Amino acid sequence: MFIKITGLQADYLKTGMIFWPVLAYIPFFFTQWVNPALRIGCFATLSLYLFFSSKRYSKNDAYIFILLLFLATLLVLGNSSGLEGLMSVGNYCLTILFGWGLYRHLTLRRARTPVLLGLYVKFFYFVTICSVLSMFYFFTLGEFDLFGFKSDVYQHLVTPFGILFKREVGPITLYRSFFYFVEPVYVAIFYAANIVIIAPLLKGKGETVAFRNVNLLGGVLSLSMTFVVVLAVLYALRKVTSLYTFISVSFGAVILTYALAIIEVLLYSSFNDRAERYFLFYTAMSEADIMQTLFGHGVTYVTGFEKAFNSGFTLSIYETGIIGLILQLTILCRINSGFNSLMLFMLAASVVDPIHMPLFWVLFVIISHAEKNAAADSKGASVRSPVG
């Protein structure tokens, strides 16, 4: 006897299936835990399902297709590593296809957006709770490497609930808890975006306040200066009403970044390492010819440096050139042209590589559709309200 499920229940099941392949990719430790063939196969299947779940194609889809085709052609022509390079090109484009497919999937049925938003919110409740439990477990029982993530290279601490980093600040020992994200900086960006952008989209003041407080707790546990910077800048950008205020906010963000950078140096953080990686990027690009500047060196080109470029902007420019970066930004704008969302991407791309992170695409697409739905509801309410 078969159990009949409603369309909404089916959406819940489908939305739950979206998250599993996403967790097997950057920025999670689970990437090294899942077999690469299984991980890529499941993610490719999910991306194709999302894309073809809607049989409707718009002019915007045509624009994105052309842009992605140009980007893929640029990447293939710049490949100098044979099959390995083509695999990297495929993964590069697959992540963008996932974001585009998810956008189309939510466009087909409006009810899917609140379902995915609800699952996303529950996930970050879970992330913060695990971060708290991870601290508690470590201080009471010590380490326990449940998934085999312990490494002699990175010296991180492992509990069944997540990863911790230990920081010595003079005589004080600090611990940073951030679930199973690779580094605190990754989860810090999501915490800040959740507080400023996602929380106001939730229904009910109580739910909004609770989600903000939970993400604030998570940000504090991560001890990430990136969380403070992104949170402050996003809040300030909400006050932008003119070019003057935008310039003021931008100038204030630069001052805040430098001030916190000095604090980070005093706290023995990763600031020096990130600054060194930026310096290596500028060194590499100073030696690039005009074609490499415009079209990049290729996704598997060996830089000759021991350290890789970790920011999205530096990595995209080095691999795909200025033209490739413009193509990627244009695709992003076609999916979400909201001012706050684009500023979030700019902030994130300054320290990490969000365009390669499926979870960031989930956030980006949720914001796009949830803000459109909220604007439509607000407009509909104003039309229905009586005129006095």
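Start by selecting F179, which counts as buried because its relative accessibility is 5% (buried means under 20% relative accessible area, exposed over 50%, partly exposed in between, with a 1.4 Å probe and protein chains only). F179 sits in the loop between strand 3 (172-177) and helix 6 (184-198). Helices (H or I, at least four residues) and strands (E, at least two) are DSSP runs, numbered from the N terminus. Look at the backbone here too: phi of F179 is near 60°, a positive value in a residue other than glycine.

A quick word on what you have open: this is a predicted model, in which local features need pLDDT of at least 70 and side-chain atom pairs count only at pLDDT 80 or more, while totals for chains, interfaces and linings use all residues. Residues are numbered from 1 along each chain as its sequence is written, and side-chain values use heavy atoms, with hydrogens and water left out.

Next, select L223, in the loop between helix 7 (205-222) and helix 8 (225-237). Phi of L223 is also positive, near 50°. Is L223 buried or partly exposed? L223 counts as partly exposed, because its relative accessibility is 39%.

Now go to I26 and P27. The peptide bond that joins I26 to P27 is cis, with omega near 20°. You will find P27 in the loop between helix 1 (7-23) and helix 2 (36-52).

Time for a pocket. Select P114, L117, L201, L202 and K203: of the 16 residues lining the second largest pocket, these lie nearest its centre. A pocket is an open set of points on a 1 Å grid over the protein atoms alone, where a 1.4 Å probe fits, with protein on both sides within 12 Å along at least five of seven lines; lining residues have an atom within 4 Å of a point. The second largest pocket has a volume of about 420 Å³, a volume being the space filled by probe spheres set on the points. Helix 5 gives the most, with six residues.

For the last stop, select I290, M291, F295, I322, I323 and I326, which make a nonpolar surface patch of about 540 Å². Such a patch joins nonpolar side chains (Val, Leu, Ile, Met, Phe, Trp, Tyr) within 5 Å, from residues with over 30% relative accessible area and no salt bridge (a side-chain nitrogen of Lys or Arg within 4 Å of a carboxyl oxygen of Asp or Glu). Areas come from the Shrake-Rupley method with a 1.4 Å probe. Helix 11 (290-295) and helix 12 (312-335) each supply at least two residues of the patch. Finish on F295 in helix 11, which is partly exposed, with a relative accessible area of 36%.

Technical notes: Patch = residues over 30% accessible without salt bridge, like charges linked within 9 Å, V, L, I, M, F, W, Y side chains within 5 Å.
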